[in-house]
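Colleague: I have a structure to go through with you, and I would like to take it one question at a time. Could you show it first?

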Amino acid sequence: MPFIDLLSENIKTLFPGFEGRFVHAENLTIAYWDIKKGSVLPPHSHIHEQITHILSGKLELKIGQEIKVIEPGIVAVIPSNVVHSGIAITDCVALDVFTPVREDYKLL
């Protein structure tokens with residue numbers, strides 16, 4: 001399917017306060033997130049490389065031992081198997097790109 005209407009995709013909750021819509025291609029997954037202020041992304045890791053881009057708002061993100069507040073204009077690159085976590089400083093809209101495809105997100 002070459003075109004996807006994001007507004008028709010079902011919203012799925014991965015963690016409390018993290019509501020997402022997912023697009024899966026052969027080798028990558030894109031996640032669009034609406035994140036509520038104060039929501040916590042617990043420490044976790046996965047085999048996927050990940051790029052996180054905050055489109056609006058502010059998210060404090062910890063990657064390994066480094067912590068930074070990311071906001072529009074700052075992109076986070078999370079290597080495979082590195083523990084990361086975060087907390088929403090404000091309401092946020094975020095875009096995540098994962099490779100390889102997130103098969104676990106297809107099951108949500």
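Colleague: Leaving aside neighbours within four places in sequence, which residues is Asn-81 in contact with?

Modeller: This is a predicted model, where local features need pLDDT of at least 70 and side-chain atom pairs count only at pLDDT 80 or more, while totals for chains, interfaces and linings use all residues. Residues are numbered from 1 along each chain as its sequence is written, and side-chain values use heavy atoms, with hydrogens and water left out. Contact means heavy atoms within 4.5 Å. With neighbours within four places set aside, the contacts of Asn-81 are Ser-45, His-46 and Ile-47.

Colleague: How far apart in space are Asn-81 and His-44?

Modeller: In sequence, these two residues are separated by 37 residues. From C-alpha to C-alpha, the distance between Asn-81 and His-44 is 8.7 Å.

Colleague: What is phi of Asn-81?

Modeller: Asn-81 sits in the loop between strand 8 and strand 9. Asn-81 is a residue other than glycine, and its phi is positive, near 65 degrees.

Colleague: What pattern does the chain follow along the sequence?

Modeller: Helices (H or I, at least four residues) and strands (E, at least two) are DSSP runs, numbered from the N terminus. There are 10 strands and 1 helix in the chain. Read in sequence order, they give β-β-β-β-β-β-β-β-β-β-α.

Colleague: How many bridges join strand 6 to strand 7?

Modeller: Strand 6 covers residues 59-63 and runs antiparallel to strand 7. Glu-60 stands opposite Val-69 in strand 7. The hairpin of these strands has 2 residues between them, and Gly-64 takes a positive phi near 60 degrees there. The number of bridges joining strand 6 to strand 7 is 5.

Colleague: Which residue in strand 9 stands opposite Leu-59?

Modeller: Strand 6 and strand 9 are antiparallel and are joined by 5 bridges. Strand 9 (residues 84-88) also pairs with strand 4, over 3 bridges, where Leu-41 has Gly-86 as its bridge partner. The residue opposite Leu-59 is Ala-88.

Colleague: What is the order of the open sheet of 6 strands?

Modeller: The pairing in this sheet is antiparallel. Strand 1 (12-15) and strand 8 are its edge strands, each pairing on one side only. From one end to the other, the order is 1-2-3-10-5-8.

Colleague: What is the bridge partner of Ile-54 in strand 10?

Modeller: Strand 5 (residues 49-56) pairs with strand 10 in the antiparallel sense, over 7 bridges. In strand 10, the partner of Ile-54 is Ala-94.

Colleague: Which residues of the largest nonpolar core touch the most other members?

Modeller: A nonpolar core is a set of buried Ala, Val, Leu, Ile, Met, Phe, Trp, Tyr and Cys residues joined through side-chain atoms within 4.5 Å. Buried means under 20% relative accessible area, exposed over 50%, partly exposed in between (1.4 Å probe, protein chains only). Of the 17 residues in the largest core, those that touch the most other members are Trp-33, Ile-35, Leu-59, Leu-61 and Ile-70. At least two residues of this core come from each of strand 2 (18-24), strand 3 (29-35), strand 6, strand 8 (75-78) and strand 10 (92-99).

Colleague: Residues up to four places away in sequence not counted, which residues does Ile-70 touch?

Modeller: Ile-70 is one of the core residues that touch the most other members. Those neighbours apart, Ile-70 touches Thr-52, Ile-54, Gly-57, Lys-58, Leu-59, Leu-61 and Ala-76.

Colleague: Which residue does a cis peptide bond join to Thr-99?

Modeller: Omega of this bond is about 0 degrees.

Colleague: What share of the residues in the chain is buried?

Modeller: The chain has 108 residues. Its C-alpha atoms fill a box of roughly 40 × 25 × 25 Å along the principal axes. The buried share is 31%.

Methods: Two strands pair if DSSP finds at least two bridges between them.
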